[in-house]
Amino acid sequence: MSRFRRRKENFRNQTPAARRRGVGEMQFQSKKAFSIVDVSGADSGQIRKLFYHTNLSSVQFERMDGKSYKKNCTVPREQLRYIRTLHYGFDGEVRIGEMVANKKIASKLCDIFYELYQEKYEIEKMVLVDDYDADDNLSMADNNTSCFNFRTVSGTKRLSNHSYGLAVDINPRYNPYIHMKDGKMVCEPENGRRYQNREKQFEHKITPEDPCYQIFIRNGFTWGGEWEASKDYQHFQY
């Protein structure tokens, strides 16, 4: 099929609203994560279709190979799924989000992020951790929401639940990981230190009253903010 005929076919398959507003699934798939999208002409059914998961394509796996999917990764590629969503940014704009997760929770995450979208819950950024060379500290410092990353728990030799694609970190700068290391209290990311006092009032703080907490818990996840030995306020795991 020629390029012209392919474009014509894609256009014909779109709804009138999608043609006007550029929210057709083909356009959505081609846009990079973090892009702003105009969904004002889309109905609820069209929007729900933009929350989906697929097997990892060769292009997607190339982004991960040697980064989040390290050479010693013990999780088969076939167990992972690429997830695409919409979310409201801190600027109030609707943006595209992406993450990689275990197939066991991929559908749940699509449902969860759709609920958060309906709540107009703000997530600053949601791109693959590979955009930071799988450096979790860099990703957290940039307040990036992410899931799969084959790595150990900070300060230990134990594999994190992120290694299996079974944990999600939400707005990590505003919801830091607080733990003891060599007798000292550590805050990760470092630039989240101003948000470690959970008695203070500030935006984007996850608490049991927060819709993010309630939606994840309702879907069978547990929250790191309720741990005893440490507090990981950004962290939900299945």
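This is a predicted model: local features need pLDDT of at least 70, side-chain atom pairs count only at pLDDT 80 or more; totals for chains, interfaces and linings use all residues.

Author: Residues are numbered from 1 along each chain as its sequence is written, and side-chain values use heavy atoms, with hydrogens and water left out.

For orientation, the chain has eight helices and nine strands; these are DSSP runs numbered from the N terminus, with at least four residues (H or I) for a helix and at least two (E) for a strand. Of the 238 residues in the chain, 50% are buried, where buried means under 20% relative accessible area, exposed means over 50%, and partly exposed lies in between (1.4 Å probe, protein chains only).

Now to the rings themselves. A pair of aromatic rings is described by the distance of the centres and the angle of the planes. Here the rings of Phe, Tyr and Trp (its six-membered ring) pair if their centres lie within 6.5 Å, and planes under 30 degrees apart count as stacked, over 60 as edge-to-face and the rest as tilted. By this rule there are 16 aromatic pairs. In one of them, Phe28 and Tyr52 have ring centres 6.2 Å apart and planes at 65°, so this pair is edge-to-face. Because Phe28 lies in helix 3 (residues 25–30) and Tyr52 in strand 1 (residues 52–55), the pair ties together parts that are 24 residues apart in sequence. Phe28 counts as buried, at 3% relative accessibility, and Tyr52 is buried too, with a relative accessible area of 17%.

Compare this with Tyr69 and Phe148, whose ring centres are 6.3 Å apart and whose planes stand at 35°, so that the pair is tilted. This pair links distant parts of the chain, 79 residues apart: Tyr69 is in the loop between helix 5 (58–64) and strand 2 (80–88), whereas Phe148 is in the loop between helix 7 (136–141) and strand 4 (167–169). Both Tyr69 and Phe148 are buried.

Rings can also gather in groups, and one aromatic cluster is formed by Phe113, Tyr213, Phe216, Phe221, Trp223, Tyr233, Phe236 and Tyr238.

Finally, a ring may have a charge over its face, which is counted if NZ of Lys or CZ of Arg is within 6 Å of the ring centre and within 35 degrees of the ring normal. The charged end of Arg48 sits over the ring of Tyr114, 5.0 Å from its centre, and Lys125 lies over the face of Phe34, at 5.2 Å from the ring centre.

As a side note on cysteines, the structure holds zero disulfides, a disulfide being a pair of cysteine sulfur atoms within 2.5 Å. Cys110 is buried, with a relative accessible area of 3%, and Cys212 is buried as well, with a relative accessible area of 0%.
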